[in-house]
Amino acid sequence: MAILSLQGASKSFGALKVTDDVSFDLAPGEALGIIGPNGAGKSTLFNLITGNLRPDAGRVMLDERDITAETPMQRCASGIGRSFQIPQPFDHLTVYENLLVAARFGGGLSGAAAPAVCMDILQRTGLSALADRKAGGLPLLNRKRLELARALATRPRVILLDEIAGGLTDAECVDLVATIRAIHAEGTAIIWIEHVLHALTSVVTRLIALNFGRVLMSGTPEEVMASPQVQEIYLGIEA
Amino acid sequence: MRTLVTLAIGLVLLTAMALVPVLGPRILVQDLFKVLCLLVLALNWNLLAGFAGLVSVGQQAFVGVGAYVMFATTILWGMDPLAGVLIGGVVAMALSVPVAFFAFRLNGAYFAIGTWAVADIARLSFGQWRALGGGTGTALPRDATREMLGVGAVRDLLGVSPAAAIDAVTYWLALALAAVMLLACWLFLRSRMGLGLQAVRDNPVAAQSVGVDPTRLKALVFLLTAFATGLCGALLFIQTGRITPDAAFSVIDWTAFVIFIVVIGGIGTLPGPIVGVLVFYALQQLLADYGTVYLIALGLIGIAIMLFARRGLWGGLIHRIGYDPLPLGHAAPRPPHPTQEERP
């Protein structure tokens, strides 16, 4: 049984088809990577899953239940967490409060239970020392960590990571990958959009390559990366 | 600890202010009554605009409705004016439901204009109410306020004239309303919903993605502030004793001055409106004799603050000294034995 599936999802902005008949299933606890050139419709795909956009056609299913008509808030409460490509912290709240909001609302935790859960996540994402710092003043790496930490505080069963390793140094990236691996090891399903391929392939067990809103190829990371089509379109290498 | 200090100072100030009708001159009671009512309106507008992002220019609609309903219950149905205050608040809140239904379709400046239009429609509509004097308005019967709940007791207790006793009762009610409002704002903003509201203010899209419903929270704030604004409006016009549509639905008195107070004090901070109302009162005392020049001066000061001290007087002060006596934040719980690494 799939925890999350897209069935024939399509979305157009005017004449531009950004998502074109995309279908896939995500097994519980699976880690799925999504690659594709800029403008291939990766982030739009996430917005369709989280409910920030409604598909023109097709369905989004969570636990075999049709959630296409549900709001982002309802989907978050049902267990879909996300991080944004461009970090979107609550600037005037502290790092801890950023997580507290997520835990109290999306995570459905009580005022008594939430603080310990938030502190635990801060510890795991390396943000403990910054707990009482305003989120607006954080540098990029910590903003990325906060995106991940806040998404975790909603206690997701599926977490969507949008280019979370982009712009980080190699050392920072290694830390982040270790954190994501640990989250995956606990049974949280992951869908990860990423251009930093070595980071991505060290976690995911399956890759989907998108181009012009369509699924170009799906398979193990080795299969997909070896495909001449993917190399030509995504990496710009002449086959 | 910090909360306890603030609470203690607050209680001392509250007691001192409660003694004003006993010890102070009547003119001071009347002036402070207006100040307290403006404070209540400012706390409400601050909650709306400073925390929920709802920049309404139509709050006078709820002041006017509260006041008119209080007049109607007193004059037409012979009820105690204080019961009318409560009903005024409830009717104002009921009216805010259809207003929200339409106004929430608008954003930013459009929302501001929309609420202003609603308030003007209300002003014109209540001007048609013949039984309450139509466009020229009407006065509360003297007996109604003299027999108001508590007035007799205050007369006996303080040995003052009926008019002074009415002033004292309305003053104490305004003081209680302001104190309750301040406490309620603080509790609300520190609650789960208040935290959600501050998340929405910072980033509505991200707030949705962590499960916060922006529309629901904003609607809740809109309803609750309409209730408190209606109560305050009704109370204001018990003391005034006379009502006209233009006075009850005055955009200058009940919205423009209120915006000025919140902006100079510090929008989005809880003590901001208190500082703002004190500055406003001082300016009023200094400049009241100069007529139009007074309004021009207020406008210039407002613009200067917006340009050069965007956080307002209070907001700028706590930013500089780094101590907030009414903190809205949630400090992260510390482990009993923090490790070296975890110390900030």
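Is Glu64(A) buried or exposed? In this predicted model, Glu64(A) is exposed, because 10 other C-beta atoms lie within 10 Å of its own, and a residue with 12 or fewer such neighbours is classed as exposed. The position of Glu64(A) is the loop between β4 and β5 of chain A. Its backbone carries a positive phi, near 65°, in a residue other than glycine.

Asp63(A) occupies the loop between β4 and β5 of chain A as well. The phi of Asp63(A) is likewise positive, near 50°, and this residue too is other than glycine. Asp63(A) has 14 C-beta neighbours inside 10 Å and therefore counts as partly exposed. The pairing of β4(A) with β5(A) is antiparallel and extends over 2 bridges. Within this pairing, Leu62(A) is placed opposite Arg65(A) of β5(A).

An open sheet is formed by 4 strands in the order β2-β1-β4-β5 of chain A, with antiparallel pairing. The edges are taken by β2 (16-26) and β5 (65-66) of chain A; each has a single partner strand, so one side of each is left without a neighbour in the sheet. Helix α1 (residues 42-50) of chain A packs on the sheet, where it touches β1, β2 and β4 of chain A. The direction of this helix makes about 60° with that of β2(A). Elsewhere in the sheet, strand β1 (residues 4-13) of chain A and strand β4 (residues 57-62) of chain A run antiparallel and are joined by 5 bridges. In this pair of strands, Gln7(A) has Arg59(A) of β4(A) as its bridge partner.

Attention then turns to Pro72(A) and the contact between the chains. Pro72(A) is part of helix α2 (residues 72-78) of chain A. Pro72(A) counts as buried because it has 24 C-beta neighbours inside 10 Å, where 20 or more are required. When residues up to four places away in sequence are not counted, Pro72(A) touches Thr50(A), Gly51(A) and Asn52(A) in chain A, together with Gln208(B) and Ser209(B) in chain B. A separation of 14 Å is found between the C-alpha atoms of Pro72(A) and Ile159(A), which are 87 residues apart along the chain.

The contact between the two chains involves 31 residues from chain A and 23 residues from chain B. On the side of chain A that touches chain B, at least two residues are supplied by each of α2, α3 (95-104) and α4 (114-124) of chain A. The most is given by α3(A), with 6 residues. By class, the residues on this side of chain A comprise 16 nonpolar, 9 polar and 6 charged.

In chain B, helix α12 (residues 214-240) packs with helix α9 (residues 162-190) at an angle of about 165°, the axes being 10 Å apart. The two helices, α9(B) and α12(B), are therefore roughly antiparallel to each other, and their crossing is left-handed. Residues of α9(B) in this contact include Leu173(B), Ala174(B), Leu177(B) and Met181(B), while those of α12(B) include Leu231(B), Leu235(B) and Ile238(B). The contact of α9(B) with α12(B) consists of 9 nonpolar, 2 polar and 1 charged residues.

Helix α3 (residues 26-51) of chain B also packs with α12(B), at an angle of about 165° and with the axes 9 Å apart. This angle makes α3(B) roughly antiparallel to α12(B). The crossing of α3(B) and α12(B) is left-handed. Among the residues of this contact are Phe33(B), Val40(B), Leu41(B) and Leu48(B) of α3(B), and Val221(B), Phe222(B), Thr225(B) and Leu236(B) of α12(B). The contact of α3(B) with α12(B) contains 12 nonpolar and 4 polar residues, with no charged residues. Ala228(B), Cys232(B), Leu235(B) and Gln239(B) of α12(B) take part in the contact with α9(B) and also in the contact with α3(B).

Key: Residues are numbered from 1 along each chain as its sequence is written. Chains are lettered from A and ligands numbered from 1 in the order in which they are written. This is a predicted model: local features need pLDDT of at least 70, side-chain atom pairs count only at pLDDT 80 or more; totals for chains, interfaces and linings use all residues. Two residues are in contact if their C-beta atoms, placed from the backbone, lie within 7 Å. Ala, Val, Leu, Ile, Met, Phe, Trp, Tyr, Cys and Pro count as nonpolar, Asp, Glu, Lys and Arg as charged, and the others, Gly among them, as polar. Axes are lines fitted to C-alpha atoms, for helices over the stretch in contact, and angles run from 0 to 180 degrees between N-to-C directions. Angles under 35 degrees count as roughly parallel, over 145 as roughly antiparallel, 65 to 115 as roughly perpendicular and the rest as oblique. A crossing is left-handed if the near helix is turned anticlockwise from the far one by less than a right angle, and right-handed if clockwise. Two strands pair if DSSP finds at least two bridges between them.
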